[in-house]
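Try each task before you read its solution.

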Amino acid sequence: MSECEWFKILYNTNIGRLNILAFFGVAVQFTKGLWRFGQTVLGLIFRHPITGTSIIPILPDGRIVLIRRADNGLWGLPGGMVDWGEDIPNTVQRELMEETGLELVRIRRLVGVYSKPDRDPRIHSICIVVEAEVQGTMDVTDPLEVIEIQAFSPDSLPPGRMSHDHSRQLEDYLKGLTTLA
């Protein structure tokens with residue numbers, strides 16, 4: 001988005017004043033993006049993998065929630081990087097809310113730990129995958145990250161390639177496996 005487009009969002013011409021809430025929203029998004037970029041840079045500098053999570057969210061009716069990612073247009077599991085000072089359960093809860101609008105009821109089980117250096121095209125990351133019981137209303141809260149949210153029954157997951165190694169993660173989950181890869 002250009003500076004001019006951001007200004008149009010922040011400046012409401014109908015009433016001729018700065019839209020303070022929009023300004024803070026943009027500032028928060030910018031800060032979150034900058035922090036995540038900084039984490040990635042630190043990981044590259046120190047040559048250590050970044051730790052992240054993937055969540056297999058299960059609605060009360062048994063459907064699996066997937067997101068369509070804005071960066072590559074592919075379906076995938078919600079999840080993301082562990083923030084500094086954060087543990088895995090809190091990362092799962094935060095990422096689930098940020099990417100789907102859903103609330104974590106409980107983490108049911110560990111599905112696996114995936115660490116192949118090429119599993120994420122952006123960086124070397126170690127992904128901890130969990131099955132999570134969730135509730136609430138699905139909502140795209142960050143259209144820069146997620147463009148669509150949909151729930152699928154386990155026997156009607158979208159065909160074709162998924163983001164990252166999420167196809168494998170879902171296959172392992174559906175087979176009842178706990179994987180170290």
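**Exercise 1. Find the buried residues of helix 3.**

Solution. This is a predicted model.
Step 1: Apply the cut-off, under 20% relative accessible area.
Step 2: List what passes in helix 3: Thr91, Val92, Arg94, Glu95, Leu96, Glu98, Glu99 and Thr100.
Step 3: Check the length. Helix 3 (88-100) has 13 residues and reaches 18 Å from its first C-alpha to its last. That is close to the 18 Å expected at 1.5 Å a residue.
Step 4: Look just past the end.

**Exercise 2. Describe the lining of the largest pocket.**

Solution. 
Step 1: Start with volume, about 810 Å³ for the largest pocket.
Step 2: Count the lining: 35 residues. Nearest the centre lie Arg36, Arg69, Glu99, Arg122 and Glu145. Glu99 is also among the buried residues of helix 3.
Step 3: Sort by class. The lining has 13 nonpolar, 11 polar and 11 charged residues.
Step 4: Trace the sources. Helix 2 gives the largest share, eight residues. Helix 3 and strand 6 (79-81) are among the elements that each supply at least two.

**Exercise 3. Locate the largest nonpolar core and the contacts of Tyr173.**

Solution. 
Step 1: The largest nonpolar core has 14 residues. Those with the most contacts inside it include Ile56, Leu66, Val129 and Tyr173.
Step 2: Strand 3 (50-58), strand 7 (103-114) and helix 4 (166-174) are among the elements that each supply at least two of its residues.
Step 3: Leaving out residues up to four places away in sequence, Tyr173 touches Ile56, Ile58, Ile64, Arg109, Val111 and Glu131.

How values were computed
Residues numbered from 1 in each chain as written. Predicted model: local features only at pLDDT ≥ 70, side-chain atom pairs only at ≥ 80, totals over all residues. Heavy atoms only, no water. Core = buried A, V, L, I, M, F, W, Y, C linked by side-chain atoms within 4.5 Å. Buried < 20%, exposed > 50% of the residue type's maximum accessible area, 1.4 Å probe, protein only. Helix = DSSP H or I, 4+ residues; strand = E, 2+ residues; numbered from the N terminus. Contact = heavy atoms within 4.5 Å. 1 Å grid on protein atoms, 1.4 Å probe; cavity = no way out; pocket = protein on both sides within 12 Å on 5 of 7 lines; lining within 4 Å. Points joined across faces, edges and corners; volume = space filled by probe spheres on them. Nonpolar A, V, L, I, M, F, W, Y, C, P; charged D, E, K, R; others polar. Expected span 1.5 Å × (residues − 1).
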